[in-house]
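Subject: Structure handover

Dear colleague,

Please find the structure below, with its sequence.

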Amino acid sequence: MKTALFTPGPGNTSDDVRAALNCDIGTRTPQMTALTQHLRQQIAEVAECGEDFSVVPIQGSGTFAVEAMLTSLLPMQAPCLVLVNGPYGERMAEICQIYALPHYILRSDPLRPINAAEVADYLGSHPDIAALALIHFETGIGILNPLAALLALAQQRGIRVFVDSMSAFGLLPIEFTSPALSAVAASSNKVLHGAPGVGLVIARHDILAEPRPARTLSLNLQAQYCGFQRDGMWRFTPPVQVIAALSRAIGDYLREGGQTARLQRYQRRASRVIAGLAEFGIRPLVPESYGAPVIVTFVLPFAADVLSAGTLSERLLAYQLAIYPSQVSEVNSFRIGFIGELTENDVDRLVVAIGEVVSEIREQLEQPA
Ligand SMILES: *Cc1c(COP(=O)(O)O)cnc(C)c1O
(Lines give C-alpha, C1' and ligand atoms only; values in the text may rest on other atoms or scores of the structure.)
Protein backbone atom coordinates (compact mmCIF):
# COMPACT_ATOMS: atom_id res chain seq x y z
CA MET A 1 0.00 0.00 0.00
CA LYS A 2 1.33 3.45 -0.83
CA THR A 3 1.11 6.35 1.57
CA ALA A 4 -1.99 8.49 1.02
CA LEU A 5 -1.01 12.16 1.05
CA PHE A 6 -3.58 14.37 2.78
CA THR A 7 -1.34 17.40 2.35
CA PRO A 8 -1.99 20.38 0.08
CA GLY A 9 0.43 19.16 -2.57
CA PRO A 10 2.36 17.59 -3.96
CA GLY A 11 -0.39 15.02 -3.69
CA ASN A 12 -0.60 11.45 -4.91
CA THR A 13 -0.21 11.07 -8.67
CA SER A 14 -1.82 8.45 -10.92
CA ASP A 15 0.07 5.48 -12.35
CA ASP A 16 -0.25 7.06 -15.80
CA VAL A 17 1.30 10.35 -14.64
CA ARG A 18 4.20 8.51 -13.01
CA ALA A 19 4.63 6.45 -16.21
CA ALA A 20 4.78 9.68 -18.22
CA LEU A 21 7.76 10.76 -16.09
CA ASN A 22 9.62 7.79 -17.50
CA CYS A 23 11.02 9.48 -20.62
CA ASP A 24 14.09 11.18 -22.07
CA ILE A 25 13.56 14.17 -24.34
CA GLY A 26 16.31 16.40 -25.72
CA THR A 27 15.69 19.96 -24.54
CA ARG A 28 16.34 21.64 -27.89
CA THR A 29 14.49 19.20 -30.12
CA PRO A 30 11.30 19.64 -32.14
CA GLN A 31 9.69 17.09 -29.77
CA MET A 32 10.34 19.34 -26.75
CA THR A 33 9.17 22.46 -28.57
CA ALA A 34 5.95 20.69 -29.58
CA LEU A 35 5.41 19.35 -26.03
CA THR A 36 5.92 22.82 -24.55
CA GLN A 37 3.54 24.40 -27.04
CA HIS A 38 0.94 21.69 -26.37
CA LEU A 39 1.26 22.15 -22.60
CA ARG A 40 0.78 25.91 -22.90
CA GLN A 41 -2.40 25.32 -24.92
CA GLN A 42 -3.67 22.74 -22.45
CA ILE A 43 -3.21 25.17 -19.56
CA ALA A 44 -5.00 27.91 -21.49
CA GLU A 45 -7.84 25.43 -22.00
CA VAL A 46 -8.01 24.69 -18.27
CA ALA A 47 -7.98 28.43 -17.52
CA GLU A 48 -10.44 29.35 -20.26
CA CYS A 49 -8.44 32.54 -20.44
CA GLY A 50 -9.04 33.48 -24.09
CA GLU A 51 -6.69 35.16 -26.54
CA ASP A 52 -5.60 38.12 -24.41
CA PHE A 53 -3.54 35.92 -22.08
CA SER A 54 -0.40 33.86 -22.59
CA VAL A 55 0.71 30.88 -20.51
CA VAL A 56 4.32 31.21 -19.38
CA PRO A 57 5.64 28.13 -17.54
CA ILE A 58 8.72 28.61 -15.37
CA GLN A 59 11.06 26.10 -13.73
CA GLY A 60 10.65 25.60 -9.98
CA SER A 61 7.96 25.29 -7.34
CA GLY A 62 4.92 27.54 -7.07
CA THR A 63 6.76 30.23 -5.13
CA PHE A 64 9.15 30.67 -8.07
CA ALA A 65 6.14 31.48 -10.26
CA VAL A 66 4.80 34.02 -7.74
CA GLU A 67 8.25 35.62 -7.43
CA ALA A 68 8.59 35.72 -11.24
CA MET A 69 5.11 37.25 -11.61
CA LEU A 70 5.62 40.00 -9.02
CA THR A 71 9.20 40.93 -9.96
CA SER A 72 8.53 40.87 -13.70
CA LEU A 73 5.05 42.31 -14.02
CA LEU A 74 4.11 44.63 -11.13
CA PRO A 75 3.91 48.30 -12.16
CA MET A 76 7.40 49.85 -11.97
CA GLN A 77 6.81 53.17 -10.24
CA ALA A 78 3.41 53.13 -8.52
CA PRO A 79 2.91 50.95 -5.44
CA CYS A 80 1.00 47.72 -5.20
CA LEU A 81 -1.23 46.77 -2.26
CA VAL A 82 -0.53 43.28 -0.91
CA LEU A 83 -3.56 41.77 0.82
CA VAL A 84 -2.48 39.44 3.62
CA ASN A 85 -4.70 37.06 5.58
CA GLY A 86 -2.30 34.15 5.96
CA PRO A 87 1.19 32.77 5.36
CA TYR A 88 1.05 32.83 1.56
CA GLY A 89 0.04 36.50 1.59
CA GLU A 90 3.00 37.13 3.91
CA ARG A 91 5.20 35.40 1.34
CA MET A 92 4.06 37.84 -1.38
CA ALA A 93 4.83 40.76 0.96
CA GLU A 94 8.29 39.27 1.63
CA ILE A 95 9.01 39.07 -2.10
CA CYS A 96 8.09 42.78 -2.44
CA GLN A 97 10.37 43.61 0.51
CA ILE A 98 13.37 41.64 -0.78
CA TYR A 99 13.23 43.24 -4.25
CA ALA A 100 12.26 46.65 -2.84
CA LEU A 101 9.15 46.73 -5.01
CA PRO A 102 7.01 49.73 -4.01
CA HIS A 103 4.16 48.31 -1.91
CA TYR A 104 1.75 48.67 0.98
CA ILE A 105 0.52 45.75 3.09
CA LEU A 106 -3.06 45.44 4.34
CA ARG A 107 -3.27 42.65 6.93
CA SER A 108 -6.58 41.17 8.03
CA ASP A 109 -7.95 38.40 10.27
CA PRO A 110 -6.50 35.00 9.18
CA LEU A 111 -9.74 33.31 10.24
CA ARG A 112 -11.86 35.17 7.66
CA PRO A 113 -11.90 35.91 3.96
CA ILE A 114 -10.55 39.34 2.95
CA ASN A 115 -13.28 41.97 3.26
CA ALA A 116 -13.67 43.83 -0.06
CA ALA A 117 -15.24 46.86 1.68
CA GLU A 118 -12.11 47.28 3.85
CA VAL A 119 -9.95 47.07 0.74
CA ALA A 120 -12.14 49.69 -0.95
CA ASP A 121 -11.64 52.02 2.04
CA TYR A 122 -7.88 51.51 1.96
CA LEU A 123 -7.74 52.19 -1.78
CA GLY A 124 -9.88 55.28 -1.25
CA SER A 125 -7.32 56.73 1.14
CA HIS A 126 -4.29 55.67 -0.97
CA PRO A 127 -4.95 56.93 -4.51
CA ASP A 128 -1.35 56.17 -5.55
CA ILE A 129 -1.95 52.40 -5.53
CA ALA A 130 -1.77 50.92 -9.04
CA ALA A 131 -2.18 47.19 -8.34
CA LEU A 132 -3.48 44.55 -5.93
CA ALA A 133 -1.60 41.33 -5.12
CA LEU A 134 -3.60 38.65 -3.37
CA ILE A 135 -4.06 34.96 -2.65
CA HIS A 136 -7.11 33.27 -4.16
CA PHE A 137 -7.30 30.38 -1.70
CA GLU A 138 -5.15 30.92 1.42
CA THR A 139 -3.82 27.40 1.84
CA GLY A 140 -2.57 28.01 5.40
CA ILE A 141 -5.79 27.72 7.39
CA GLY A 142 -7.90 27.22 4.27
CA ILE A 143 -9.70 30.48 3.50
CA LEU A 144 -11.27 31.35 0.15
CA ASN A 145 -10.84 35.04 -0.67
CA PRO A 146 -13.51 36.91 -2.70
CA LEU A 147 -11.65 37.15 -6.00
CA ALA A 148 -14.64 38.27 -8.09
CA ALA A 149 -15.51 41.13 -5.71
CA LEU A 150 -11.88 42.29 -5.53
CA LEU A 151 -11.59 42.20 -9.34
CA ALA A 152 -14.77 44.26 -9.65
CA LEU A 153 -13.39 46.78 -7.17
CA ALA A 154 -10.07 46.97 -9.04
CA GLN A 155 -11.89 47.44 -12.33
CA GLN A 156 -13.84 50.39 -10.88
CA ARG A 157 -10.59 51.99 -9.81
CA GLY A 158 -8.68 51.09 -12.96
CA ILE A 159 -5.95 49.13 -11.16
CA ARG A 160 -4.30 45.80 -11.98
CA VAL A 161 -4.72 42.54 -10.07
CA PHE A 162 -2.06 39.86 -9.58
CA VAL A 163 -3.32 36.59 -8.13
CA ASP A 164 -1.61 33.63 -6.50
CA SER A 165 -4.17 30.93 -7.29
CA MET A 166 -1.81 28.06 -6.58
CA SER A 167 -4.23 25.79 -4.76
CA ALA A 168 -7.42 26.90 -6.57
CA PHE A 169 -6.36 26.92 -10.23
CA GLY A 170 -8.28 24.18 -12.05
CA LEU A 171 -10.79 23.87 -9.21
CA LEU A 172 -12.46 27.23 -8.62
CA PRO A 173 -13.48 29.80 -11.23
CA ILE A 174 -11.17 32.70 -12.10
CA GLU A 175 -12.73 35.65 -13.96
CA PHE A 176 -10.33 35.97 -16.88
CA THR A 177 -12.93 38.19 -18.54
CA SER A 178 -12.27 40.91 -15.94
CA PRO A 179 -10.19 43.70 -17.51
CA ALA A 180 -8.51 44.19 -14.10
CA LEU A 181 -7.06 40.66 -14.04
CA SER A 182 -3.42 40.98 -15.08
CA ALA A 183 -1.74 37.69 -14.13
CA VAL A 184 -2.38 34.47 -12.24
CA ALA A 185 0.23 32.11 -10.76
CA ALA A 186 -0.32 28.35 -10.42
CA SER A 187 1.75 25.15 -10.28
CA SER A 188 2.06 21.63 -11.63
CA ASN A 189 1.54 19.79 -8.38
CA LYS A 190 -1.70 20.94 -6.82
CA VAL A 191 -5.16 20.57 -8.39
CA LEU A 192 -3.68 19.43 -11.73
CA HIS A 193 -2.12 16.34 -10.03
CA GLY A 194 1.24 16.61 -11.80
CA ALA A 195 4.70 16.14 -10.32
CA PRO A 196 6.31 19.18 -8.63
CA GLY A 197 8.81 21.25 -10.61
CA VAL A 198 6.98 23.68 -12.92
CA GLY A 199 5.34 26.94 -11.98
CA LEU A 200 2.80 28.56 -14.29
CA VAL A 201 1.99 32.21 -14.89
CA ILE A 202 -0.95 33.16 -17.07
CA ALA A 203 -0.53 36.81 -17.93
CA ARG A 204 -1.82 39.37 -20.40
CA HIS A 205 0.21 39.54 -23.62
CA ASP A 206 0.31 43.35 -23.47
CA ILE A 207 1.73 43.39 -19.93
CA LEU A 208 4.29 40.68 -20.80
CA ALA A 209 5.39 42.81 -23.75
CA GLU A 210 5.71 46.12 -21.83
CA PRO A 211 9.35 47.28 -22.05
CA ARG A 212 11.07 47.41 -18.66
CA PRO A 213 14.45 46.62 -17.08
CA ALA A 214 15.05 43.12 -15.69
CA ARG A 215 15.19 42.62 -11.92
CA THR A 216 16.17 38.96 -12.05
CA LEU A 217 17.78 36.68 -14.61
CA SER A 218 16.27 33.21 -14.19
CA LEU A 219 12.88 34.39 -12.91
CA ASN A 220 12.42 36.99 -15.64
CA LEU A 221 8.99 36.16 -17.02
CA GLN A 222 9.21 38.61 -19.87
CA ALA A 223 12.42 37.00 -21.14
CA GLN A 224 10.85 33.57 -20.68
CA TYR A 225 7.80 34.71 -22.68
CA CYS A 226 10.00 36.17 -25.45
CA GLY A 227 11.85 32.86 -25.72
CA PHE A 228 8.62 30.91 -26.14
CA GLN A 229 7.26 33.43 -28.65
CA ARG A 230 10.53 33.51 -30.61
CA ASP A 231 11.51 29.85 -31.03
CA GLY A 232 9.31 27.92 -28.61
CA MET A 233 12.26 27.03 -26.38
CA TRP A 234 13.02 27.36 -22.69
CA ARG A 235 15.88 29.71 -21.83
CA PHE A 236 17.39 27.33 -19.26
CA THR A 237 17.14 23.55 -18.76
CA PRO A 238 13.47 22.64 -18.49
CA PRO A 239 12.33 19.77 -16.20
CA VAL A 240 11.41 17.66 -19.23
CA GLN A 241 10.00 14.68 -17.34
CA VAL A 242 7.86 16.91 -15.12
CA ILE A 243 6.52 18.70 -18.19
CA ALA A 244 5.66 15.42 -19.94
CA ALA A 245 3.88 14.21 -16.78
CA LEU A 246 1.98 17.48 -16.37
CA SER A 247 0.75 17.31 -19.94
CA ARG A 248 -0.48 13.77 -19.27
CA ALA A 249 -2.13 14.87 -15.99
CA ILE A 250 -3.98 17.73 -17.70
CA GLY A 251 -5.14 15.39 -20.49
CA ASP A 252 -6.64 13.12 -17.83
CA TYR A 253 -8.11 16.09 -15.96
CA LEU A 254 -9.92 17.29 -19.09
CA ARG A 255 -11.13 13.78 -20.02
CA GLU A 256 -12.44 13.24 -16.49
CA GLY A 257 -14.66 16.32 -16.70
CA GLY A 258 -12.34 19.20 -15.80
CA GLN A 259 -13.11 21.69 -13.05
CA THR A 260 -16.65 20.50 -12.29
CA ALA A 261 -15.68 16.86 -11.88
CA ARG A 262 -12.60 17.62 -9.79
CA LEU A 263 -14.53 19.93 -7.48
CA GLN A 264 -17.19 17.25 -6.98
CA ARG A 265 -14.54 14.67 -6.11
CA TYR A 266 -12.87 16.97 -3.59
CA GLN A 267 -16.24 17.94 -2.13
CA ARG A 268 -17.14 14.30 -1.55
CA ARG A 269 -13.82 13.72 0.21
CA ALA A 270 -14.15 16.78 2.39
CA SER A 271 -17.76 15.97 3.36
CA ARG A 272 -16.82 12.42 4.36
CA VAL A 273 -13.92 13.62 6.50
CA ILE A 274 -15.87 16.47 8.11
CA ALA A 275 -18.82 14.18 8.94
CA GLY A 276 -16.53 11.32 10.03
CA LEU A 277 -14.38 13.43 12.36
CA ALA A 278 -17.44 15.12 13.88
CA GLU A 279 -18.31 11.70 15.35
CA PHE A 280 -15.13 12.00 17.42
CA GLY A 281 -15.83 15.58 18.43
CA ILE A 282 -13.34 17.04 15.92
CA ARG A 283 -14.68 20.08 14.07
CA PRO A 284 -13.40 22.58 11.49
CA LEU A 285 -11.81 25.76 12.84
CA VAL A 286 -13.71 28.10 10.51
CA PRO A 287 -17.24 27.92 9.04
CA GLU A 288 -17.38 25.79 5.91
CA SER A 289 -18.65 28.79 3.90
CA TYR A 290 -15.25 30.51 4.41
CA GLY A 291 -13.32 27.65 2.90
CA ALA A 292 -13.17 25.26 -0.05
CA PRO A 293 -12.52 21.50 -0.27
CA VAL A 294 -8.78 22.02 -0.84
CA ILE A 295 -7.59 22.01 2.74
CA VAL A 296 -9.55 22.18 6.00
CA THR A 297 -8.15 23.00 9.45
CA PHE A 298 -9.62 20.95 12.32
CA VAL A 299 -9.44 21.79 16.02
CA LEU A 300 -7.80 19.10 18.16
CA PRO A 301 -9.95 18.23 21.18
CA PHE A 302 -6.92 18.15 23.55
CA ALA A 303 -4.18 20.45 24.81
CA ALA A 304 -1.10 20.56 22.55
CA ASP A 305 1.04 18.61 25.07
CA VAL A 306 -1.49 15.74 24.86
CA LEU A 307 -1.83 15.70 21.07
CA SER A 308 -0.46 18.17 18.53
CA ALA A 309 -0.42 18.20 14.72
CA GLY A 310 3.19 16.98 14.94
CA THR A 311 2.42 13.94 17.10
CA LEU A 312 -0.78 13.18 15.17
CA SER A 313 1.17 13.20 11.90
CA GLU A 314 3.74 10.80 13.40
CA ARG A 315 1.01 8.43 14.56
CA LEU A 316 -0.73 8.53 11.16
CA LEU A 317 2.46 7.59 9.30
CA ALA A 318 2.15 4.13 10.90
CA TYR A 319 -1.15 3.84 9.01
CA GLN A 320 0.54 5.03 5.77
CA LEU A 321 -1.28 8.33 5.94
CA ALA A 322 0.55 11.68 5.64
CA ILE A 323 -0.69 15.01 6.96
CA TYR A 324 1.28 18.21 7.56
CA PRO A 325 3.08 18.12 10.92
CA SER A 326 2.70 21.86 11.44
CA GLN A 327 -0.08 23.97 12.83
CA VAL A 328 -0.82 27.36 11.25
CA SER A 329 -3.36 28.77 13.67
CA GLU A 330 -2.81 29.74 17.33
CA VAL A 331 -5.46 27.14 18.15
CA ASN A 332 -4.23 23.53 18.64
CA SER A 333 -5.22 22.19 15.25
CA PHE A 334 -4.23 20.10 12.25
CA ARG A 335 -4.94 20.32 8.54
CA ILE A 336 -6.27 17.82 6.02
CA GLY A 337 -5.66 18.41 2.32
CA PHE A 338 -8.02 16.85 -0.21
CA ILE A 339 -6.07 17.20 -3.44
CA GLY A 340 -4.35 14.43 -5.39
CA GLU A 341 -5.27 10.94 -6.54
CA LEU A 342 -6.95 9.73 -3.35
CA THR A 343 -9.52 6.93 -3.21
CA GLU A 344 -12.66 6.70 -1.08
CA ASN A 345 -10.87 3.92 0.77
CA ASP A 346 -8.01 6.30 1.61
CA VAL A 347 -10.54 8.79 2.98
CA ASP A 348 -12.22 6.12 5.10
CA ARG A 349 -8.85 4.89 6.38
CA LEU A 350 -7.97 8.43 7.44
CA VAL A 351 -11.17 8.90 9.45
CA VAL A 352 -10.79 5.50 11.14
CA ALA A 353 -7.12 6.13 11.98
CA ILE A 354 -7.71 9.58 13.49
CA GLY A 355 -10.65 8.11 15.40
CA GLU A 356 -8.42 5.36 16.83
CA VAL A 357 -5.70 7.80 17.92
CA VAL A 358 -8.19 10.15 19.55
CA SER A 359 -10.18 7.39 21.27
CA GLU A 360 -7.01 5.83 22.66
CA ILE A 361 -5.96 9.17 24.17
CA ARG A 362 -9.41 9.71 25.67
CA GLU A 363 -9.22 6.29 27.35
CA GLN A 364 -5.78 7.07 28.76
CA LEU A 365 -6.97 10.41 30.10
CA GLU A 366 -9.98 8.76 31.78
CA GLN A 367 -7.86 6.21 33.64
CA PRO A 368 -6.94 7.29 37.20
CA ALA A 369 -3.20 7.95 37.46
C1 LIG B 1 1.41 25.75 -2.53
C2 LIG B 1 1.26 27.20 -2.58
C3 LIG B 1 2.31 28.02 -3.03
C4 LIG B 1 3.65 27.50 -3.51
O5 LIG B 1 4.34 26.81 -2.57
P6 LIG B 1 5.65 26.00 -3.04
O7 LIG B 1 6.13 25.38 -1.77
O8 LIG B 1 6.60 26.95 -3.60
O9 LIG B 1 5.19 25.01 -4.05
C10 LIG B 1 2.10 29.38 -3.11
N11 LIG B 1 0.92 29.91 -2.75
C12 LIG B 1 -0.11 29.17 -2.33
C13 LIG B 1 -1.40 29.83 -1.97
C14 LIG B 1 0.03 27.79 -2.21
O15 LIG B 1 -1.00 27.03 -1.79
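How far is an oxygen atom of the ligand from an N or O atom in the side chain of T139? The distance is 2.5 Å. Before the rest, two remarks on the source. This is a predicted model, in which local features need pLDDT of at least 70 and side-chain atom pairs count only at pLDDT 80 or more, while totals for chains, interfaces and linings use all residues. Residues are numbered from 1 along each chain as its sequence is written, and side-chain values use heavy atoms, with hydrogens and water left out.

Ligand site

In D164, a side-chain N or O atom is 2.6 Å from a nitrogen atom of the ligand. In R91, a side-chain N or O atom is 3.4 Å from an oxygen atom of the ligand. On its own the ligand has 380 Å² of accessible area, and the protein covers 85% of this (Shrake-Rupley method, 1.4 Å probe; for residues, only the protein chains shown count as cover).

The shell around the ligand (residues with a heavy atom within 4 Å of it) consists of S61, G62, T63, Y88, R91, I135, F137, T139, D164, M166, S167 and K190. Helix 3 (62–73) and helix 4 (87–98) are the elements that give two or more residues to this shell. Helices (H or I, at least four residues) and strands (E, at least two) are DSSP runs, numbered from the N terminus. By class, the shell has four nonpolar, five polar and three charged residues. Here Ala, Val, Leu, Ile, Met, Phe, Trp, Tyr, Cys and Pro count as nonpolar, Asp, Glu, Lys and Arg as charged, and the others, Gly among them, as polar.

Aromatic pairs

Rings of Phe, Tyr and Trp (its six-membered ring) pair if their centres lie within 6.5 Å; planes under 30 degrees apart count as stacked, over 60 as edge-to-face and the rest as tilted. This rule gives four aromatic pairs. F53 and F176 are edge-to-face, because their ring centres are 5.0 Å apart and their planes stand at 85°. F53 lies in strand 2 (residues 53–59) and F176 in the loop between strand 8 (160–164) and strand 9 (181–187), so this pair ties together parts 123 residues apart in sequence. Both F53 and F176 are buried (under 20% relative accessible area; exposed is over 50%, partly exposed in between; 1.4 Å probe, protein chains only).

F298 and F334 form a stacked pair, at 5.6 Å centre to centre and 25° between the planes. F298 is in strand 11 (residues 295–299) and F334 in strand 13 (residues 333–337), so parts 36 residues apart in sequence are tied together. F298 has a relative accessible area of 0% and is therefore buried; F334, at 0%, also counts as buried.

Single residues

S187, in strand 9, is buried at 4% relative accessible area. A polar atom of the S187 side chain lies 3.3 Å from the backbone nitrogen of N189. T177 sits in the loop between strand 8 and strand 9 and is exposed, at 79%.

Regards

How values were computed. A polar contact is a pair of N or O atoms within 3.5 Å; within protein, one must be able to donate a hydrogen and the other to accept it, and residues adjacent in sequence count only if both atoms are side-chain atoms.
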